[in-house]
Amino acid sequence: MRLLSAGGRGVSSWSQPAARRMRFARTVLVVLGLALLPFVLDALAGRAWVRIADVALIYAMLAIGLNLVVGFAGLLDLGYVAFFAVGAYAYGLLASPHFGVHVSFLVLLPLGAIAAALFGVLLGSPTLKLRGDYLAIVTLGFGEIIRIFLNNLNQPVNITNGPQGVTLIDPLSLAGFSFGKSHTVLGVTVAPVHAYFYLLVALVALSILVARRLQLSRIGRAWAAIREDETAARAMGIDTRNLKLLAFGLGASFGGVAGGLFAAVQGFVSPESFTLQESIMILCMVVLGGMGHVAGVVLGAIVLTALPEALRVVGPLQKAAFGHVWIDPADLRMMLFGLALVVMMRWRPAGMWPSPGLRSSAASGPAAAAAAVPLPGEAPQSLAPRARGGPDGAA
Amino acid sequence: MDIFIQQLVNGLVLGSIYALVALGYTMVYGILGLINFAHGDLVMVGALSGLALLKGALGAGLPLPIALGLAALGAVCLCGALGVLMERIAYRPLRRAPKLAPLITAIGVSILIEYGAAMIWSKQYLALPPVIQSTTWQVAGAAVTDLQVSIVLLALVLMAGLLWLIRATPLGVAMRATEQNAEVAGLMGIDTHRVIAITFLIGSALAALAGIMVLLYYGVAHYFMGFMLGLKAFTAAVLGGIGSVPGAMLGGLLLGLIESLASGYVGDLTGGVFGSNYRDVFAFIVLIVVLVLRPVGLLGTASGERA
């Protein structure tokens with residue numbers, strides 16, 4: 001922090017040091033809050049909620065990665081979980097008794113990122129010509145293909161151990177500090193879930209930083225141009241082919257890292273965790289949170305992970321009110337979740353926390369932008385005629 | 001050779017069912033540009049409600065054909081109402097929303113229907129009581145049941161009827177006009193909201209009938225059965241060229257044939273390395289190949305594409 005230099009420049013703009021001090025204080029508060037959060041959760045809500053917080057952070061990484069593809073570059077990807085799976089299996093297979101190999105996570109996390117990025121480019125290259133919903137269905141198919149292979153590659157040669165999955169995966173450990181055991185630091189017992197929480201917070205913060213810098217860079221602006229109107233972007237000299245591949249590759253690498261962490265935290269991976277529903281869930285986090293807005297998608301990930309858990313109370317509530325559980329709480333909570341999606345889209349289609357300044361066009365193709373009423377003093381962003389009834393300009 | 005013909009027959013039956021479901025996807029996509037994710041779940045509702053009605057009617061002592069007719073009618077009415085309701089409540093308010101919003105809504109509706117069905121009919125696999133006595137014929141070395149023949153025939157009749165409706169009736173003209181340009185169609189005096197509601201009604205009714213077919217053919221129904229079936233049917237619609245009604249029919253039949261031939265032969269061709277458990281992979285690989293070579297699908301037109 002630059003507290004010292006802030007004091008010396010107070011004459012020309014006297015409000016700057018105050019603003020900077022405010023920002024510093026806010027940073028300190030956020031860091032302190034995050035440092036205490038696992039213990040507060042532990043005390044108030046129980047160990048399970050610390051675990052849920054860990055899961056939410058892994059989802060946040062996934063949402064940030066998918067947001068690169070869907071939110072920044074406007075490519076609808078319904079098979080994103082495949083990259084998560086690639087990262088998780090890369091870690092699981094190379095750090096478990098399954099093959100008897102135990103490679104350090106310092107090697108495996110980057111390896112997972114690279115492997116996932118390769119798969120991203122592999123998926124991206126044949127689909128570059130496709131737009132909108134066709135792209136969605138091809139990515140969806142790709143995700144299913146990966147899962148089916150994971151499920152069946154236990155014979156003739158046992159690679160993935162099939163539906164049983166890979167078990168006894170090594171926890172992370174760094175310079176003698178194992179994340180898999182409890183430690184006592186200054187009289188405070190730090191359980192594995194706590195240690196992972198801090199690591200995940202750090203990695204999510206890094207992801208946010210990378211994603212933000214990308215968005216503001218030349219690459220990010222080129223992605224925005226492709227998202228709004230690909231033809232125009234190409235006419236402006238943007239290499240749409242390579243940039244779309246880059247979006248797929250970079251987005252996938254976030255998924256790969258998240259997958260490696262998931263394998264380490266969980267200690268176990270199986271194809272069950274990488275179904276299409278999971279892809280859809282991550283997409284919902286991006287869209288409900290606010291597509292194209294990094295902070296928004298992190299919020300989306302946290303809310304959508306916590307909401308189904310919080311809705312578990314409906315079981316005991318029914319018991320208290322009627323003396324009998326009429327509706328299976330798991331079902332009811334899924335129904336409420338579905339209802340939440342419908343209601344959100346009805347009243348806040350741009351998400352809970354939309355990106356400021358992007359308005360309606362952020363989450364849509366050019367035709368929808370043209371269809372939306374332009375704000376006062378703002379020219380419609382696309383003059384593409386609405387060829388058909390639906391917002392299908394990106395088809 | 002026998003296996004080939006047998007797989008051909010199985011593929012044709014499966015393909016007819018896919019085609020019926022794919023029609024619902026393609027009609028809605030043609031008019032609204034919306035992937036109605038919940039459409040597959042209507043098939044499930046059709047199957048489960050049909051099963052419940054069939055059991056009820058048989059329990060009341062009605063003869064099988066009447067009970068079956070009543071069950072089909074009830075399922076069609078229920079699914080039709082559900083389809084119209086979901087359009088009215090969930091999709092209509094989103095006509096001008098950003099492109100992904102209706103897709104998310106559709107996913108939400110799908111979850112609602114699935115778990116609603118799980119509450120009503122439980123999460124068990126529900127078996128059809130053994131009331132259907134099918135006759136088996138030997139045709140060119142393959143076993144063909146009368147149930148298979150009736151499924152294919154009924155599907156063909158329904159598809160022919162739909163084509164006639166779209167090509168030759170005032171309602172069909174209104175549907176095509178709405179598909180081409182909803183605003184101008186509105187200016188020409190077409191009640192586009194009504195046309196869209198009717199499109200949902202037709203698609204849902206076809207889905208209900210497909211559900212009854214699945215129920216009779218496979219003998220079980222399950223609250224989650226609509227998911228994979230819907231996915232395949234959507235794949236079929238894209239394969240044929242989404243938005244194109246004949247395309248959905250062709251895509252459905254092709255996908256059914258590809259799947260059953262692939263699962264029948266892949267084990268032999270690869271020396272047992274890949275078995276029929278890779279069936280879904282082949283469906284998706286074929287789809288990807290078709291889309292890479294011809295991104296608008298087999299019968300789709302390139303009008304929506306730019307550059």
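## The loop around A:Gly180

A:Gly180 sits in the loop that links strand S4 (177–178) to strand S5 (183–185) of chain A; helices (H or I, at least four residues) and strands (E, at least two) are DSSP runs, numbered from the N terminus. This is a predicted model, in which local features need pLDDT of at least 70 and side-chain atom pairs count only at pLDDT 80 or more, while totals for chains, interfaces and linings use all residues. Residues are numbered from 1 along each chain as its sequence is written, and chains are lettered from A and ligands numbered from 1 in the order in which they are written.

A:Gly180 counts as partly exposed because it has 15 C-beta neighbours inside 10 Å. The scale behind that word is this: a residue is buried if 20 or more other C-beta atoms lie within 10 Å of its own, exposed if 12 or fewer, and partly exposed in between, with C-beta atoms placed from the backbone. Leaving aside residues up to four places away in sequence, A:Gly180 touches A:Pro171 and A:Pro192; a contact needs C-beta atoms, placed from the backbone, that lie within 7 Å. A:Ala264 is 84 residues from A:Gly180 in sequence, yet their C-alpha atoms are 8.8 Å apart.

Chain A has 15 helices and 6 strands. Of its 395 residues, 47% are buried. Among the contacts in chain A with a separation of 6 or more, 70% join residues 24 or more positions apart.

Two residues to look at are in the loop between helix H6 (132–152) and strand S3 (173–174) of chain A: A:Asn161 and A:Leu168. A:Asn161 is not a glycine, but its phi is positive, near 65 degrees. A:Leu168, also not a glycine, has a positive phi of about 55 degrees. As for their surroundings, A:Asn161 counts as buried, with 20 C-beta neighbours inside 10 Å, whereas A:Leu168 has 11 and counts as exposed.

## The nonpolar core

The largest nonpolar core has 214 residues, and those touching the most other members are A:Ala63, A:Ile282, A:Cys284, A:Met285 and B:Ala19. Such a core is a set of buried Ala, Val, Leu, Ile, Met, Phe, Trp, Tyr and Cys residues joined through C-beta atoms within 7 Å. Helix H3 (residues 47–72) of chain A gives the most to this core, with 18 residues.

## Where H14(A) meets H4(B)

Helix H14 (residues 329–347) of chain A and helix H4 (residues 100–121) of chain B have axes that come within 8 Å and cross at roughly 155 degrees. Axes are lines fitted to C-alpha atoms, for helices over the stretch in contact, and angles run from 0 to 180 degrees between N-to-C directions. H14(A) and H4(B) are therefore roughly antiparallel; angles under 35 degrees count as roughly parallel, over 145 as roughly antiparallel, 65 to 115 as roughly perpendicular and the rest as oblique.

The crossing of H14(A) and H4(B) is left-handed, meaning the near helix is turned anticlockwise from the far one by less than a right angle, while clockwise would be right-handed. On the H14(A) side the contact includes A:Phe337 and A:Leu341, and on the H4(B) side it includes B:Ile104, B:Ile107 and B:Tyr115. By class, the residues of this contact are 16 nonpolar, 4 polar and 1 charged. Here Ala, Val, Leu, Ile, Met, Phe, Trp, Tyr, Cys and Pro count as nonpolar, Asp, Glu, Lys and Arg as charged, and the others, Gly among them, as polar.

## Helix packing inside chain B

Helix H3 (residues 64–91) and helix H8 (residues 192–218) of chain B cross at roughly 140 degrees, their axes coming within 7 Å. That angle makes H3(B) oblique to H8(B), and the crossing is right-handed. Their contact includes B:Cys79 and B:Arg88 of H3(B) and B:Phe200 of H8(B). It holds 16 nonpolar, 5 polar and 2 charged residues.

B:Gly33 lies in the loop between helix H1 (2–32) and helix H2 (39–59) of chain B. With 26 C-beta neighbours inside 10 Å, B:Gly33 counts as buried. B:Ala160, found in helix H5 (residues 146–168) of chain B, has 11 such neighbours and counts as exposed.

How values were computed:
Two residues are in contact if their C-beta atoms, placed from the backbone, lie within 7 Å.
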